[in-house]
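Good morning. Please have the sequence and the structure open while I talk.

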Amino acid sequence: MSNSITVSTGSDKMKSKDFITIGIFTVLFFVITMICIFASAATVVTFIFGPSIAAVFSGIIYMLMRIKVPKKGSIFLSGAVIGIVEFLIGAGWPVAVSFIIGALLAEFISASGNYRSFTKNAIGYAVYMTCFAIGTFLPMVLIPSYTDSMSNSNGVDAAYIENLHKLLNGPMVLVIAVVAFVAGMIGAFIAKALLNKHFKKAGIV
Amino acid sequence: MLAIDTRVKLILFVLVNFMVFGLKNIYLGMICFGAICILSLFMGQKKHVIKYVIIYAVTMTVQYLSQFTPKTIFSLLSVFTLFVRVMIPVMLFSSVFISTTKVSEMIAAMFSMKMPRSLVITFAMTLRFFPTFSEEMHNIYAAMKLRGINISLKNVFTRPLLLFEAMLVPIIMRSASIAEELSASAVTRGLDNPSPRSSFVRFRITAFDVTVLALFLMLFVVLFYCKYRLYGRI
């Protein structure tokens, strides 16, 4: 129990210990992501790249989760819990669904590397964060009524809505997705550097 | 003060979420907020209701006053107030939910809804860890201040990476060891026992639960019908 290395060489099925580890690191992941999103909401332009900024900083938590629990279903479980929490705090269902879909995709990608390949895990993470970015902004393009009802019922400045509409179109969402993917990869490499610098020595990894 | 069945509360939460995000219209949103306030009062959460009603009133005042400010400030403010106004009902309901539901009740309710074990344990763990996280964060921040790495404008601009590292590395270390300790304690108490879980909490759906659920379902349908009449779409 005291030696954490036994975790990663255990059987393939998840045990209570793994559920607890995932639960705790999911909180860390969630808090860091939310801090980045709130900080980025200061202006419209940074808001659009909020998920990308979050991807850079949350990478370390995600990669540590993969190393601690390299088992089937671990990514999906974490994504599902984040989806539920997002839904509970009222982030709207598209974001919650995008987290769950992203986690499923990441699960498949990591599974092809047996959950232990750094490259596969990094790509999975980048895809996961890309799904989050798409899930946040695609509804605004696909369901324009979302922003329309804002202007109808609130007297929100028409110019702002127009700006948002101008900024957010199909190609722009593609740009957002690409940036999020690249940011995810950067986050994964920062994670690798930090893990080597601190956590290997401390015996956490 | 009336208690509502945890499962009914979960269903209400989903309904409230869809209502609040589907109804951005100011009057429909107010009706929805009012309904949640009344329900919270019935559940004996006077403090929460007063707090959120005050925030709501302040937001509405700011929104009204923002009409008289220059255009750029107005556009920023109007989006901000919309965001806050839409979020308040959900925030009220979630704080009422959290203060009226124990984690053990939540777990028992989720098990009785036949949710998978993995999801229930992980979710309960996540909810339980949020307060521990903020406690740990306070301790770490105290240590950071002691070494002069506090969050000040100077530090944010001159050495942001050190700030990030000094905050993140200790919290991850602590979390990892908390995970070890907690799972050791939980396994000792028989968390891995495969037989069906028994619970001290007993669930009974009362007439009050049914009434509340029916009223909220009616409200849901009526408000969305109003929205349909107003805008011609759901």
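The C-alpha centres of domain 1 and domain 2 of chain B are 31 Å apart. Domain 1 of chain B covers 1–101 + 204–234, and domain 2 covers 114–200; the bounds come from an automatic or database domain assignment.

Some housekeeping. This is a predicted model, where local features need pLDDT of at least 70, side-chain atom pairs count only at pLDDT 80 or more, and totals for chains, interfaces and linings use all residues. Residues are numbered from 1 along each chain as its sequence is written, while chains are lettered from A and ligands numbered from 1 in the order in which they are written.

Now B:Leu2, which sits in the segment before helix 1 (6–22) of chain B. Helices are DSSP runs of H or I, at least four residues, numbered from the N terminus. Is B:Leu2 buried or exposed? B:Leu2 is exposed, because 11 other C-beta atoms lie within 10 Å. The cut-offs are 20 or more for buried, 12 or fewer for exposed, and partly exposed in between, counting other C-beta atoms within 10 Å of the residue's own, with C-beta atoms placed from the backbone. B:Leu2 and B:Ser40 are 38 residues apart in sequence, and their C-alpha atoms are 9.7 Å apart in space.

Next, helix 1 of chain B. Its 17 residues should span 24 Å at 1.5 Å a residue, and the end C-alpha atoms are 24 Å apart, which agrees. The expected span is 1.5 Å times one less than the number of residues. Buried residues in helix 1 of chain B include B:Leu12, B:Val16 and B:Val20.

How values were computed: Helix = DSSP H or I, 4+ residues; strand = E, 2+ residues; numbered from the N terminus.
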